[in-house]
Amino acid sequence: MKEKKVIALLGNPNAGKSSLFNQLTGLRQKIGNFPGVTVDKKVGFCRLDSKTDIEILDLPGTYSIYPNSLDEQVVLEVLANPNHPEYPDVAVVVADASNLKRNMLLFEQVSDLGIPTILALNMLDVAQEMGISVNSGKLSKILGVPVVELNARMGIGIDGLKYTIMNQLEAKRTHINPPILDEKSEAVASEVRKKYNISNKYLALQYAAQYPKMMFLGDDAQKDLQSLVARHDFNADAFQSAETINRYHDISGTLTQVIDETGEQKETVSEKIDKILLHKIWGYVIFIGILFLIFQSVFSFAEYPMDLIDQSVAGLNDWLKSVLPDSVLVSLLTDGLIAGVGGVVIFIPQIAFLFAFISILEESGYMARVVVLMDKLIRRFGMSGKSVVPLISSMACAVPAIMSARTIGSWKDRLITIMVTPLMSCSARLPIYTILIALVVPNDKVLGIFNIQGIALMGLYLLGFLSALIAGWIMKLILKSKERSYFIMELPTYKMPRWKQVGFMILEKVKTFVFEAGKVIVAISIVLWVLASYGPGNEMEQAEQQVVAANPTVPQEELASKIASVRLENSYAGHFGKFIEPAIEPLGYDWKIGIALITSFAAREVFVGTVSTIYSIGADPEDESTIKERLKNEINANTGQPSFSVATSFSLLIFYVFAMMCMSTIATVYRETKGWKWPLIQLGYMSVLAYVAALIVYQVLK
Amino acid sequence: MVSFQEKTVADLNIGEKGIINDFKDPSMSLKLLEMGCLPGTEVTLDFIAPLGCPIGIRVAGYHLSLRKKEAATIVLKPNQA
């Protein structure tokens, strides 16, 4: 027996399912995994009364139980398997009342599987605006299951739904209305029922129609079903087609009794907005304008909080050093830990801005229009308009972006999208871009309003995007696939973003960034501090003595700085850096940057933390200037030029645009493509691209 | 056999209406049926994306976007003149 009753939320995309989920569970949510598949399982908890706690399972939005993509397959996997640990005790089908006919299809199918079901009518206000009113009492009588009226966005009707769930847990009312079947289907159904001991006829038919997509059956049962279906000459497509038509016919009959449509169909607000946003010229102008706004604000609005954080971290280090005794541990804390963490914390404002914009684009319904605007353009590059969502979200982070590619039905489109998505510049590159751009690009304005640094940043993002397109185009030529794909997609009505939802998303993503990246960065900072503070044998001491002996007349302060510098050079970290220096010298990097390259291999955001740790160890202990100032003053010992010259800085920028330096992404691609082949190819082509491009940039600019 | 004069959703002008009669592509029709594009349903062409594809139609009380090639598989009833 399950400890808690499971209530599954189902519904068409955009029907308001996630609003309802949030209303029911509040912040008592967690993301887990379904056994065997990599699709995220969103679960929350809800208290019905003083003694009943239930689990709410938020299933991906679908139009029917016939999946068209990996995401939707989970719905079938759970609902068709009564032994599944998440098999619902009650299903709540959330329906958009302004478009009830299409929403009822899923309800009928779920209900026919024998699951006690509640129909939750949402968006009645939208329906009312369109002159549609629904008699939910009468609908409930006809269907024989409870029908609840909701306004999920406003949180109205939630208590009524909870009460109804309580009742359904006890009464278990279902609405069985199996499709009218021909003899062939009847014969198949009865044989499957006997063989697999299934009482529900519709479930038996689902076995016959969709066994290849039901992973829980296992290979043997799938093979058996294949021969069973062949023996009966059962055509799954014809069955599905007849079922859908019959159901719609039946739904129409029901709905004419309960729906009142009054008045003319007026042009809705969404239609008016679409006239502008999907306009031949204005559509693209506005889209580019929105992207531009995002970059400008990420750079300029975020500057103030970032300066504040930068100065606070420097101030904190200064203060700690002045009040704590001079010891190894204090040095580890200030030069190692705080310097490293400070390098990450500073980017929270920018990441928050970026996630805010992406979340608003999705919430408002504009993202679907971007898909439409971009489909024809992007199809030439081996992807689908639907790839735009992963591509845009990977400006925040490639990991959720690659997972969101599951909504793309075609394997080839999806694979190409996964392979090129990491070329889009993610928020972890932002720290590197920001600091290097600030070093070499003047903070001036052109045409009075455009910040040049903002334009440079946008240029880097554009470079990533263009290279993603080119990589996609090449892969399109190489990969062969006969598989059919389609675009067919609902255009949701425009909605005001739910600001609370946007806030939650920002909070969640920033938290993940700080803790996930933070963990790695803290660990690497400590290791790095050790490696930079100690060296093999007594090399470091010997080097120090040599410096002291060679410079008898140099003032105390300058000597200390020289000593710190040679000590670092002879430390373990220095040896690592020196070891790879020959390979990276043509790109314009010295051994100090080499250390940062090595440490940032696991996660590129570590670069800035490493650089700030390295340069604070090598620096005068009295000088607690900000990271930016420290980099500016750094001199390359080989050339006598600034370490971060224009050529080197641009070479580094280009390197990080292309390099696949993120363990989490590699792991995600491995999970999503079920093997090492594609992540390794990806790592290979991106590394070569990064090296060659950085080499060219340095050699040209030098 | 189908006649080559058949009008499909891809042939509609913006604002023009038609009634769905049949589908040319059985596997595509499964998805279209699921989305409420049933024989006998009225469709209106809403917009054509700036580059000529995809297009947007109004069907069963909501907006659906699909590629021109996909729209060409939806056969309309001949106009009763």
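Is V90(A) buried or exposed? With 22 C-beta neighbours inside 10 Å, V90(A) counts as buried. Here, "buried" takes 20 or more other C-beta atoms within 10 Å of a residue's own, "exposed" takes 12 or fewer, and "partly exposed" is what falls in between, with C-beta atoms placed from the backbone.

Before the views, a word on the model. This is a predicted model, in which local features need pLDDT of at least 70, side-chain atom pairs count only at pLDDT 80 or more, and totals for chains, interfaces and linings use all residues. Residues are numbered from 1 along each chain as its sequence is written, while chains are lettered from A and ligands numbered from 1 in the order in which they are written.

**View 1. V90(A) and the residues around it.** V90(A) sits in strand β5 (residues 90-96) of chain A. Helices (H or I, at least four residues) and strands (E, at least two) are DSSP runs, numbered from the N terminus. Leaving out residues up to four places away in sequence, V90(A) touches I7(A), P116(A), I118(A), I165(A), Q168(A) and L169(A). Touching, or being in contact, means that the C-beta atoms of two residues, placed from the backbone, lie within 7 Å. Take I165(A): 75 residues separate it from V90(A) in sequence, yet C-alpha to C-alpha they are 7.3 Å apart in space.

**View 2. A mostly covered helix.** Helix α1 (residues 17-25) of chain A has 8 of its 9 residues buried. Among them are L20(A), F21(A) and L24(A), along with K17(A).

View 3. Chain A is divided into domain 1 (5-171) and domain 2 (185-233), with bounds that come from an automatic or database domain assignment. Their centres, taken over C-alpha atoms, are 27 Å apart. Domain 1 of chain A brings 12 residues to the contact and domain 2 of chain A brings 9. On the domain 1 side, helix α2 (residues 70-79) of chain A gives the largest share, 3 residues. That side of domain 1 has 5 nonpolar, 5 polar and 2 charged residues. For these classes, Ala, Val, Leu, Ile, Met, Phe, Trp, Tyr, Cys and Pro count as nonpolar, Asp, Glu, Lys and Arg as charged, and the others, Gly among them, as polar.

**View 4. Chain B against chain A.** Here 28 residues of chain B meet 31 residues of chain A. Both α1 (26-34) and β4 (62-66) of chain B supply at least two residues each to chain B's side, and α1(B) gives the largest share, 9 residues. By class, chain B's side divides into 17 nonpolar, 7 polar and 4 charged residues. Strand β12 (residues 489-491) of chain A pairs with β4(B) in the antiparallel sense over 3 bridges; strands pair if DSSP finds at least two bridges between them. In this pairing, E490(A) stands opposite L64(B).

View 5. The peptide bond from C53(B) to P54(B) is cis, with omega near -5 degrees, and P54(B) is in the loop between β2 (42-48) and β3 (55-59) of chain B. N197(A), not a glycine, has a positive phi near 55 degrees. N197(A) lies between α7 (183-196) and α8 (201-210) of chain A, and is exposed, with 7 C-beta neighbours inside 10 Å. D233(A) is not a glycine either, and its phi is positive at about 55 degrees. The loop that holds D233(A) runs between α9 (218-232) and α10 (236-258) of chain A, and D233(A) is exposed, with 9 other C-beta atoms within 10 Å.
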